[in-house]
Amino acid sequence: MRRALVVTLAALAFPGVASAHATLRSTTPAFGHEIGHGPAHIVLTFDQAVRVLPGALKVLNGVGTQFALPARSEGRSVVAPVAPLKRGAYTVRWRAISADSHVVSGVWTFGVGIPAPAVGEAYGAGGPTVAEHVVRWLWFLGLALAIGSLGFRVICLRGASVPRALDRKLVVASGLGVVVTLQAGITAFSLRAEDALQLPFGDFLYGDLSPMAATRFGRAFVVMTLGFALVLALLYLSWLLDRTDLLVPAFALSVLFAGGLSWSGHDALDPGSSWKTAVADWVHIAAASVWIGGLATMVGLLWYGAPELRRVAFANFSRLATLLIALVLGAGTYLSIVRLPHLSDLWTQGYGRVLLVKLGLVCFALLWGTFHHFVVRPALERADAGFLARLGRSLAGESLVGIAVLLAAAVLVDSKPPSRDSQQSPQGAAAATLRP
Amino acid sequence: MLPHAEMVHWAFAAGILLVGLCLLCEAIVGQEVWRMRPWRKYLWPGLAFGMGVLLWPVMAFFTNSSIHMYAHGSWAEVLMLAGGAELGLVHGRLKSRAWRLTWPLAFAVTGLAFIVHEQNPWFFARSAFLHHLLGWTFLLGALVPLALVWRPRSATLQACMALTIVAVSVMLFADRDVAAVFGHLSPLAGPAHR
């Protein structure tokens, strides 16, 4: 029985070896490729036989002119002749009935003589909407709750005699944060794909999201989903087996996979993007999540749930917050210098204005935190119950400012920084060409 | 050579079959005998929870249609929830039998996801037929775990639950082939390619 269980679990562990449904295997031109001359044909090759719907394959330029002629199916391929294409960026939109009986749709981009734009910049795609900002905010909140509550338990309450009830609440809070992170990730990915595919909702449900999954945003979505599913399993096992030591790998993994949020932000067109900016973004988001999430956890769960731990928790969190704020400020300053080539961009560009709002909120939160660190902490030893109750309300206020910072960060991450005239990437030029 | 498109369904069908067989054994010999070895009580709930975790890679990697992504995601969540609740109950971390309501919920969500994500009518092809059949089996089968919440010692209900799960695994083993059902195959289903 045990052997059968091991064999079954091993078989389930490698689903990537096979595809369960009709999949687009390759295209000519390939996804996101730059080609020297316009292709004579567009070819889509699937893993099973397909049929094309009339007029269901379109090749569109930056102003929406259609160049594809009627397509035909050839076994597992769909072939469409194409009128001569000039230099520029093009979007291919297609629909087909797959052999497994579903109508599937999709989109991809290629460039003739110029680099192809990201699929999120396909013709007709409008860029991030208010709904995407809200979803990304929820994504940030979920991440902050997950990482913050885990970090608070693992770092600030290390060695303390934590009541069992509080331990359970902390695990439930971090589990809730992970679930929100997973759900917000799926919703954000769907919204981005819906924008790129530009399909009615009914057709979108059968839309092929593979090109989106191949983008930086899509890869971040896949990595974060898998990572946080693992974190959820660890949290559950920690709760089931009463093993607080499992929270340490859960915290480490959640901090590691928080990098997906910065990786999925902006897009590949960011001027000055490099591995250094990616690392700085990750440090910025991870440190801010531990800071804001930890603060909210301290107020929401510990302050009134375990009053005997208030002093030690506040003192430990205050020390930790000093380090976290240094990391947030250091990484944030570096990223602002890289992404805003001119100081005037702060008030002349949309990205700069959002950054100004965020900076203002961060300064407000920092002043509040500084007051707690330098004024409240020394007075804590001789504080009475009334003082501690008022401090709880003050900490709740600081947490709310932190949540507002996350909202500004969500809008900022979805926005595109201004281009440097001297450093404008060819992709940026292509995207500009492609916009309707 | 095994057809590629069946591998994931077959792997999970094997897992579901194992769950069903464990439940059937428990129903036949009784809970006391089944739990004489302490690890056995964790077997099928642990397997269900593990399958829920392993459905996340399926959700994340198979993005060739939105609806399948959502279906796989919902199955991952309800399997983790129901398997996790059952583990909590057998381990003693959870006390209220109301947690067993997670099983009818899982059945209902799974059934709805099967029916909603099937675009074609029953007799389009074998795959469509089995998708509908799976969906309705789960939806109607949800009544069995629902009844078990109030009659947990009923051997008849336990056997019904086990047989429902075994039947589902058999359907999943037979699913997804481009083949005729009762002699009918829609021309839109495309030629058989295996």
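Author: A residue counts as buried when its relative accessible area is under 20%, as exposed when that area is over 50%, and as partly exposed in between. The model is a predicted one.

With that cut-off in hand, the pair that joins the two chains may be taken up. The side chains of Asp242(A) and Arg93(B) form a salt bridge, with N and O separated by 4.0 Å. This pair crosses from one chain to the other: Asp242(A) belongs to the loop between H6 and helix H7 (247-257) of chain A, while Arg93(B) belongs to the loop between helix H4 (66-91) and helix H5 (102-117) of chain B. Arg93(B) has a relative accessibility of 15% and therefore counts as buried. Asp242(A), by contrast, has a relative accessible area of 40%, so it is classed as partly exposed. Side chains of opposite charge can pair when their charged atoms come close.

A further pair is found within chain A. Arg243(A) and Asp245(A) form a salt bridge in which the closest N and O atoms are 3.0 Å apart. Arg243(A) is partly exposed, at 38% relative accessibility, and Asp245(A) is likewise partly exposed, with a relative accessible area of 42%.

Chain B holds a pair of its own. Glu86(B) forms a salt bridge with Arg100(B), and their closest N and O atoms lie 2.9 Å apart. The two residues come from distant parts of the chain, with Glu86(B) in helix H4 of chain B and Arg100(B) in the loop between H4 and H5 of chain B, 14 residues apart. Glu86(B) has a relative accessible area of 5% and is buried, whereas Arg100(B), at 25%, is partly exposed. Salt bridges with shared partners also unite Arg164(A), Asp242(A) and Arg93(B) in one network. Over all chains the count of salt bridges comes to 8.

H3(A) contains 34 residues and spans 49 Å from its first C-alpha to its last, close to the 50 Å expected at 1.5 Å a residue. Just after H3(A), Gln198(A) adopts a positive phi of about 55 degrees. Leu176(A) lies in helix H3 of chain A. Together with Val130(A), Val134(A), Leu138(A) and Val180(A), Leu176(A) forms a nonpolar patch on the surface, with about 410 Å² of accessible area in total. Helix H2 (130-156) and helix H3 (164-197) of chain A are the elements that give two or more residues to this patch. H2(A) supplies the largest share, 3 residues.

Nonpolar residues also gather in the interior. In soluble globular proteins, nonpolar side chains tend to be buried together. The largest nonpolar core has 144 residues, of which Phe152(A), Trp291(A), Met298(A) and Leu302(A) touch the most other members. Helix H6 (residues 216-241) of chain A gives this core its largest share, 14 residues. Another core, of 21 residues, lies apart from it, and its members include Leu44(A), Ala68(A), Trp108(A) and Phe110(A). When neighbours within four places in sequence are left aside, the contacts of Leu302(A) are Phe152(A), Leu157(A), Leu166(A), Thr297(A), Pro307(A), Leu309(A), Arg310(A) and Ala313(A).

Elsewhere in chain A, Thr322(A) is located in helix H10 (residues 310-339). Thr322(A) is partly exposed, at 43% relative accessibility.

Chain A has 14 helices and 8 strands, and 56% of its 436 residues are buried. Of the contacts in chain A with a separation of 6 or more, 74% are between residues 24 or more positions apart. The accessible surface of chain A is about 18100 Å², and carbon and sulfur atoms account for 66% of that area. Chain B has 8 helices and 0 strands, and buried residues make up 58% of its 194 residues. Among the contacts in chain B between residues at least 6 apart in sequence, 66% join residues at least 24 apart. The accessible surface of chain B comes to about 8100 Å², with 73% of it belonging to carbon and sulfur atoms.

How values were computed: Residues numbered from 1 in each chain as written. Chains lettered and ligands numbered in written order. Predicted model: local features only at pLDDT ≥ 70, side-chain atom pairs only at ≥ 80, totals over all residues. Heavy atoms only, no water. Patch = residues over 30% accessible without salt bridge, like charges linked within 9 Å, V, L, I, M, F, W, Y side chains within 5 Å. Areas by Shrake-Rupley, 256 points an atom, 1.4 Å probe, with all protein chains shown as cover. Helix = DSSP H or I, 4+ residues; strand = E, 2+ residues; numbered from the N terminus. Core = buried A, V, L, I, M, F, W, Y, C linked by side-chain atoms within 4.5 Å. Buried < 20%, exposed > 50% of the residue type's maximum accessible area, 1.4 Å probe, protein only. Contact = heavy atoms within 4.5 Å. Expected span 1.5 Å × (residues − 1).
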